[in-house]
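This report looks at one helix and at a pocket. Look at the sequence and the structure before reading on.

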Amino acid sequence: MTRAVKVVVVGEDRTAAIKVAADFDEIGHDPAFVLVSSESDLEASLAECELVVACHPNPTLPALRVLQLFAAKSGAPPVLVYGEGPFTEDEVGDLMRAGARDCLRRGDLRPQRKLLQRALG
C-alpha cells in the first residue's frame, strides 16, 4: 500500500467519490478525498490537494469547466477526468487541449496505476 493521496473529486453526489475511492484502493492507493460539486467548494478545497478528479459527465460542474478554472492558476494540482463510460476521440482531444493530465474510465485498473503515478510524479 502506498501513501494516502489527497484527492478532490468533482462530482454530483457522494457516489462519485465512492467510485473513485474504490478504484484507487483497488490499485494500491488509499485516497483521502473530498467531494465538491460547486466552483466555490472547489476553490476552498484546493489548499492541500494533490490531485483533482473531475467526473464526466457531470452536468453540475463539467470537466471542461473545471479545466477552465485551472487554466490560469500556476501551481494548480493535476486534473484527471474520470468517465463512467468510454470517451469519444473528440472528448479526449477537447479535454486534453483544455489541460487534463489524462482521461480514464472507471474500472480500467491497469492504466489507472500508471496514470496516477504519472499525475503524482
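## Two sides of helix α1

In this predicted model, R14 and E26 are exposed residues on the face of α1 that is turned away from its buried side. The buried residues of α1 are A16, A17, V20, A21, D23 and F24. Viewed down the axis of α1, these buried residues fall within an arc of 165°, so they line one face of the helix.

## Length and ends of α1

Helix α1 covers residues 14-26, which makes 13 residues.

The N-terminal end of α1 is capped by D13, which has a side-chain oxygen 3.1 Å from the backbone nitrogen of T15. After α1 comes G28, with a positive phi near 95°.

## The largest pocket

The largest pocket holds about 180 Å³ of space. It is lined by 13 residues, and those closest to its centre are D13, A16, C55, P57 and E84. Two elements, α1 and β3 (51-56), each give two or more residues to this lining. The largest share, four residues, comes from α1.

By type, the lining residues of the largest pocket are five nonpolar, four polar and four charged.

## A residue in helix α2

D41 belongs to helix α2, residues 39-44. D41 and V10 are 31 residues apart along the chain, and their C-alpha atoms are separated by 9.4 Å.

Methods
Residues numbered from 1 in each chain as written. Predicted model: local features only at pLDDT ≥ 70, side-chain atom pairs only at ≥ 80, totals over all residues. Heavy atoms only, no water. Expected span 1.5 Å × (residues − 1). Buried < 20%, exposed > 50% of the residue type's maximum accessible area, 1.4 Å probe, protein only. Arc of directions from axis to C-beta. Polar contact = N/O pair within 3.5 Å; in protein donor to acceptor, adjacent residues only side chain to side chain. 1 Å grid on protein atoms, 1.4 Å probe; cavity = no way out; pocket = protein on both sides within 12 Å on 5 of 7 lines; lining within 4 Å. Points joined across faces, edges and corners; volume = space filled by probe spheres on them. Nonpolar A, V, L, I, M, F, W, Y, C, P; charged D, E, K, R; others polar.
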